[in-house]
Amino acid sequence: MNFLVSRLHVNVQALSELSGEFYFYEPSREIVRSGSLSSPIEWRHPCPNEADSLSFGGLSTYSLELCRELGSSLSKASPEEAAELLCQRKLWRHCSLVWISSHCQGGDYAGGTHNVSNARVLIDQFSSPELREIGGGYGALGVVIDPRYLSDDLLESLQSLEGYPVLDEDDLSHYEIELQSEAWESWAEREFRCAMENRLSEISSEDQAERAAEAISSEPLFEIFCQALEVGNLYWSHECATSAWIDCKEVASEIPDESLRDLLPVGSAIQAPLPL
């Protein structure tokens, strides 16, 4: 079959026009034993098409398999040329050509929450071998597309990201709320309680402020936190794709003194001086 008129060629061209990059995926050899630990060691080349999820560490911008066949100059081949050679040499069992959208990968040091949300949405809607999840260190998450199996529906979703970089606003909102909940449980509740104690110490003794802050259980404390957010028109920020952050001292500063006095034992609050 003429590659230039094949569906694979059309798909590679379509993906090349979008924001993303092509990579080769060649799994490392694995040790296989036929029986006990004393059995002879055999090496197996895992098929790159069998895994439902991949690792960023397994991607490369050149193919060792193709370089063995055709020389190192192949590293300069275009995606169309690489796909054609994989077909001609029948090497898809050893090496895959995959594509990753720039709109669908994120982690601790790359991308935003919308990138991870887009990946989640696509993972939920599509499956292997057309689309597979890819992960790595520092919370990295994305999806890889196999151009051999690219459907019109998936291509349409990817093309839509070129005009607006969010596939599902509801999923993005839910994901950011998940990150905020994790942050609250991990560190923000503790920091907000400490900030509350500092505010209380402004209108009472340090001992009374500490006891009053510690006496607030988690649920009422969270309610106070949410009310302060609303009063101050404050919002969580998502400076990376996998976490949420907020200035708890700034949030605590929005709590009126009258509300703070209600948290102290009767008569323990320092009264504000009368105006002259």
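User: Let's start with leucine 122. Is it buried or exposed?
Analyst: Leucine 122 is buried, because its relative accessible area is 0%. Keep in mind that this is a predicted model.

User: Where does leucine 122 sit?
Analyst: It is part of helix α4, which runs over residues 113–125.

User: And what does leucine 122 touch?
Analyst: Setting aside residues up to four places away in sequence, leucine 122 touches Cys104, Leu131, Val143, Leu154, Ser157, Leu158 and Leu167.

User: Moving on to glutamate 130, where is that?
Analyst: Glutamate 130 is in the loop between α4 and β8 (131–135).

User: New topic: how many residues are in the largest nonpolar core?
Analyst: It has 33 residues, and those with the most contacts inside it are Phe192, Met196, Phe225, Trp236 and Val251.

User: Which helices supply at least two residues of this core?
Analyst: Those are α6 (169–201), α7 (206–215), α8 (218–232) and α9 (248–252). Of these, α6 gives the most to this core, with 10 residues.

User: What is phenylalanine 225 in contact with?
Analyst: Beyond its neighbours within four places in sequence, phenylalanine 225 is in contact with Trp184, Phe192, Trp236, Ile246 and Val251. Apart from this core lies another, of 30 residues, among them Ala82, Leu86, Leu131 and Leu161.

User: Back to the helices. At what angle do α6 and α8 pack?
Analyst: The angle is about 75°, and their axes are 11 Å apart. So α6 is roughly perpendicular to α8.

User: Which residues make that contact?
Analyst: From α6 they are Trp184, Glu189, Phe192, Arg193 and Met196, while α8 brings in Ser218, Leu221, Phe222, Ile224 and Phe225. By class, the contact of α6 with α8 has 7 nonpolar, 1 polar and 2 charged residues.

User: And α7, which of its residues are buried?
Analyst: The buried residues of α7 are Ala209, Ala212 and Ala213. They cover an arc of only 95° around the axis, so they are on the same side of α7.

User: What do the buried residues of α7 pack against?
Analyst: They pack against α6. The face of α7 turned away from its buried side carries the exposed residues Asp207, Arg211, Glu214 and Ala215.

User: Last one: what about serine 259?
Analyst: Serine 259 lies in helix α10, residues 257–261. Its relative accessible area is 33%, so serine 259 is partly exposed. The C-alpha atoms of serine 259 and isoleucine 224 are 9.5 Å apart, and the two are 35 residues apart along the chain.

Terms used: Residues are numbered from 1 along each chain as its sequence is written. This is a predicted model: local features need pLDDT of at least 70, side-chain atom pairs count only at pLDDT 80 or more; totals for chains, interfaces and linings use all residues. Side-chain values use heavy atoms; hydrogens and water are left out. Helices (H or I, at least four residues) and strands (E, at least two) are DSSP runs, numbered from the N terminus. Buried means under 20% relative accessible area, exposed over 50%, partly exposed in between (1.4 Å probe, protein chains only). Contact means heavy atoms within 4.5 Å. A nonpolar core is a set of buried Ala, Val, Leu, Ile, Met, Phe, Trp, Tyr and Cys residues joined through side-chain atoms within 4.5 Å. Axes are lines fitted to C-alpha atoms, for helices over the stretch in contact, and angles run from 0 to 180 degrees between N-to-C directions. Angles under 35 degrees count as roughly parallel, over 145 as roughly antiparallel, 65 to 115 as roughly perpendicular and the rest as oblique. Ala, Val, Leu, Ile, Met, Phe, Trp, Tyr, Cys and Pro count as nonpolar, Asp, Glu, Lys and Arg as charged, and the others, Gly among them, as polar. The arc is that of the directions from the helix axis to the C-beta atoms.
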